[in-house]
Amino acid sequence: QEQFNLISAGRKNLFYNGAMQIAQRSTSAVTVSDNSNEGYSTVDRWKVDFGSAMGGALQAERVGSPAGHGPFSESLKLSCTTVNSGAMTSGSVRFLSVAQYLEGNDLQQLCYGEPDAKHTTYSFWVYTNKVGRYGFGVISRDSGDSYDCWGSYFDVPTANVWQKVVFTVEGNTAADIKRTNSFGLLVDIYLACAANRAGISDSRWQTYSTARLPGTYTDYVDFLDNTSNIFYVTGLQLEVGKVATPFEHR
């Protein structure tokens with residue numbers, strides 16, 4: 001009943017801290033690498049994940065958004081500081097992502113595992129000098145602690161301009177979302193993807209495997225290939241339905 005009342009009162013965004021306004025751990029730049037400050041070191045609830053011994057390092061910080069994007073005063077800024085020297089070719093599962101784990105208790109209204117499982121729409125804004133193809137993935141955890149995944153990608157064709165990215169994900173009728181205060185859904189924006197992280201079918205639910213993204217790994221950028229690379233992200237919204245509506249500022 002409480003969850004229903006919150007939704008009916010206008011809390012449509014299921015992401016936490018989507019506008020990057022809350023940074024209780026640090027508002028200064030933090031250097032992050034595999035097993036060093038990895039995780040929740042800056043803005044609340046958003047994790048920088050160096051997967052499978054991903055090489056290189058970056059600085060993460062909450063900053064004022066670059067000019068030209070008035071609705072969002074803060075962004076998460078990532079800056080490459082050390083180039084990735086680890087192999088990204090066949091056999092490698094390394095990856096770099098910005099991720100959020102959503103609690104299963106907050107997602108039961110999606111009705112996953114039922115015939116009327118709800119569509120959801122994910123939207124966010126990015127700004128980067130690193131043009132190319134980026135990955136996007138969702139991993140769901142069911143009540144039996146099994147996992148399904150949904151993967152796609154987006155292209156950044158122009159450097160240093162704000163771009164809105166939108167994905168509509170059909171409801172997963174095959175598996176529920178675990179009712180837990182631990183994670184029921186994991187959402188990743190991939191800034192690097194090695195060979196064995198790619199290979200699933202695009203834009204449909206399927207049984208989880210090491211592969212999380214469609215296509216071949218050579219399609220995706222490696223954000224840590226040059227110390228001049230920067231990436232900003234903000235305005236992340238996850239809502240029920242097939243349309244990306246205006247961001248819910250709170």
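**Cysteines and overall fold**

Analyst: Start with C80: its sulfur sits 17 Å from the closest cysteine sulfur, in C193, which is too far for a bond. A disulfide here is a pair of cysteine sulfur atoms within 2.5 Å. Keep in mind that this is a predicted model, where local features need pLDDT of at least 70, side-chain atom pairs count only at pLDDT 80 or more, and totals for chains, interfaces and linings use all residues. Residues are numbered from 1 along each chain as its sequence is written, and side-chain values use heavy atoms, leaving out hydrogens and water.

User: How many disulfides does the structure hold?

Analyst: A disulfide is a covalent bond between the sulfur atoms of two cysteines. For C80, the closest cysteine sulfur, in C193, is 17 Å off. The count for the structure is zero.

User: Is C80 buried or exposed?

Analyst: Buried means under 20% relative accessible area, exposed over 50%, and partly exposed in between (1.4 Å probe, protein chains only). C111, at 17%, counts as buried. C80 has a relative accessible area of 4%, so C80 is buried.

User: What share of the contacts with a separation of 6 or more comes from residues 24 or more positions apart?

Analyst: Contact means heavy atoms within 4.5 Å. The chain has one helix and 14 strands, read as DSSP runs numbered from the N terminus (helices H or I, at least four residues; strands E, at least two). For residues 24 or more positions apart, the share is 74%.
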